[in-house]
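Reader: I would like to learn how to read a protein model step by step. Could you take me through a few of its features?

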Amino acid sequence: MVITIGKAGDNDFVVNDPHVSRYHARLSRDEEGCLFLEDRDSTNGTFVNGGQIVKKKVSPTDTILLGETYKLDLSEALKAGNDYSEDFARLKEIYDTYIEQKVKIQSTNQFKTRLLQTLPFAFIGVTGVLISTLGKGSAVLFGISLFVAICVPVAGIYLGAKQSAKIPRQLQDLSNRFKIDYVCPKCGTFLGEVPWESLSNRKQCPVSSCKAKWVKD
């Protein structure tokens, strides 16, 4: 990968600045993935972290000046070569977080639903034991036990159904956010629920008009 940088329109990365030469610098990546910036005999020089260079290994954290004032954004320059590997790498966390939250929503709500639906029957059992022990033959206590036997299960079923109904809405909200975030960093195409590792094996966006590089060559 080689990206030419300068003021001339036929450069890969065009810089409109009076202190930048027509063909100012060249950005390249070696076989090990290291980036190198090379000055192309520019008039005002190329500087990395305050020192003038002829050719130097660089990283996105370096401060790079072309000429006296123009600050080069290395990430933007790389995109001129269709390299979106850094942006694509950040999608892994988005995918992993989505799966983790999806599982959490399903498991938590299912647990709460089962709890609300089964506790009333346990309550009825305890109530029945107490009444049979403390108030055998009492019409009042019999009425209370009858009320508990009918109303408590109904309430449990209602609350359980209400809790269960939250799952689709929560999953939909999560899915809507995921569709906004889990997209090709260049063209914005939603990548579906395809695992990040599977996408990285493709190495580039499948959209013919994009073909953004997702993995470094």
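Predicted model: local features only at pLDDT ≥ 70, side-chain atom pairs only at ≥ 80, totals over all residues.

Reader: Is Cys 34 buried or exposed?

Author: Cys 34 has a relative accessible area of 18%, and because the cut-off for buried is under 20%, Cys 34 counts as buried.

Reader: How many disulfides does a search of the whole structure find?

Author: The search finds 0 disulfides. In the case of Cys 187, the nearest cysteine sulfur belongs to Cys 184 and lies 3.7 Å away, whereas a disulfide requires sulfur atoms within 2.5 Å, so Cys 187 is in no disulfide.

Reader: Which strands are joined to β3 by bridges?

Author: Strand β1, residues 2-6, runs antiparallel to β3 and is joined to it by 4 bridges, while 5 bridges join β3 to strand β4, residues 35-39, again in an antiparallel arrangement. You can follow this at Ala 25, which stands opposite Ile 5 and also opposite Asp 39 in β4. Between β3 and β4, which form a hairpin, there are 5 residues, and Gly 33 in the turn has a positive phi of about 90°.

Reader: Which residues touch the most other members of the largest nonpolar core?

Author: The general idea is that in soluble globular proteins, nonpolar side chains tend to be buried together. Here the largest nonpolar core has 18 residues, and those that touch the most other members are Ile 5, Leu 27, Leu 37, Val 58, Ile 64, Leu 66 and Leu 72. At least two residues of this core come from each of β1, β3, β4, β8 and α1, and α1 gives the most, with 3 residues. Leaving aside neighbours within four places in sequence, Leu 27 is in contact with several residues, including Ile 5, Leu 37, Val 58 and Leu 78. A second, separate core of 17 residues includes Tyr 98, Leu 174, Leu 191 and Cys 210.

Reader: Where are Asn 49 and Asn 82 found?

Author: Asn 49 lies in the loop between β5 and β6, and Asn 82 in the loop between α1 and α2. Although neither is a glycine, phi is positive in each, near 55° for Asn 49 and about 65° for Asn 82. Asn 49 is partly exposed, with a relative accessible area of 48%, whereas Asn 82 is buried at 17%.

How values were computed. Residues numbered from 1 in each chain as written. Heavy atoms only, no water. Pairing = 2+ DSSP bridges. Core = buried A, V, L, I, M, F, W, Y, C linked by side-chain atoms within 4.5 Å. Buried < 20%, exposed > 50% of the residue type's maximum accessible area, 1.4 Å probe, protein only. Contact = heavy atoms within 4.5 Å.
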